[in-house]
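Biologist: I'd like to go through this one with you, a bit at a time. Could you put it up on the screen?

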Amino acid sequence: MATTPKVPGPAKSPSHQPAQKPNSDDGGTVLLERRTLRTEPPQMYQVVLLNDDYTPMEFVVLVLQEFFNKDRETATQIMLKIHLDGKGVCGVYSKDIAATKVDQVTESALKNGHPLQCVSEPVE
């Protein structure tokens, strides 16, 4: 008993095709309409250190240098702002990066026995 080989039929077109706009000359040419998408930049968050009466100023300077890549002079200026104003901005980042910075600072403070608090706030 011999079997006949199956001949493939015409290729099926995909069910999802881009929107097409026919050309006005009816020459069989098809033009695709291009649309530009505009996305807004992501919401940014500022990382803020809060003042307390127990964390040594030198530790705050070290945190600013280690986690926020500040030089000693800039870190000292930010530390004094935190001390005088009650809080100071350490940097502005995307949401995930800001959350990571807050976690790193909080973990380092706890590890070293300091009650230093760090929060992130949306930039308005």
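Modeller: Here it is, and keep in mind that this is a predicted model.

Biologist: Okay, on to the cysteines. How many disulfides are there?

Modeller: A disulfide needs two cysteine sulfurs within 2.5 Å. For Cys90, the closest cysteine sulfur is in Cys118, and at 5.8 Å that's too far for a bond. Looking from Cys118, the closest cysteine sulfur is the one in Cys90, again too far. So by that cut-off, the count is zero.

Biologist: Is Cys118 buried or exposed?

Modeller: Buried means under 20% relative accessible area. Cys90 is buried, at 1%. Cys118 has 8% relative accessibility, so it counts as buried.

Biologist: And His114, where is that one?

Modeller: His114 is buried, with a relative accessible area of 18%. Among the residues His114 touches are Thr55 and Phe59, leaving out those up to four places away in sequence. As for its place, His114 lies in the loop between helix H3 (95–111) and strand S5 (117–122).

Biologist: Which residue's backbone oxygen does the His114 side chain reach?

Modeller: A polar contact here has to be within 3.5 Å. The His114 side chain gets to a backbone oxygen at 3.5 Å, and that oxygen belongs to Asn112.

How values were computed:
Residues are numbered from 1 along each chain as its sequence is written. This is a predicted model: local features need pLDDT of at least 70, side-chain atom pairs count only at pLDDT 80 or more; totals for chains, interfaces and linings use all residues. Side-chain values use heavy atoms; hydrogens and water are left out. Buried means under 20% relative accessible area, exposed over 50%, partly exposed in between (1.4 Å probe, protein chains only). Helices (H or I, at least four residues) and strands (E, at least two) are DSSP runs, numbered from the N terminus. A polar contact is a pair of N or O atoms within 3.5 Å; within protein, one must be able to donate a hydrogen and the other to accept it, and residues adjacent in sequence count only if both atoms are side-chain atoms. Contact means heavy atoms within 4.5 Å.
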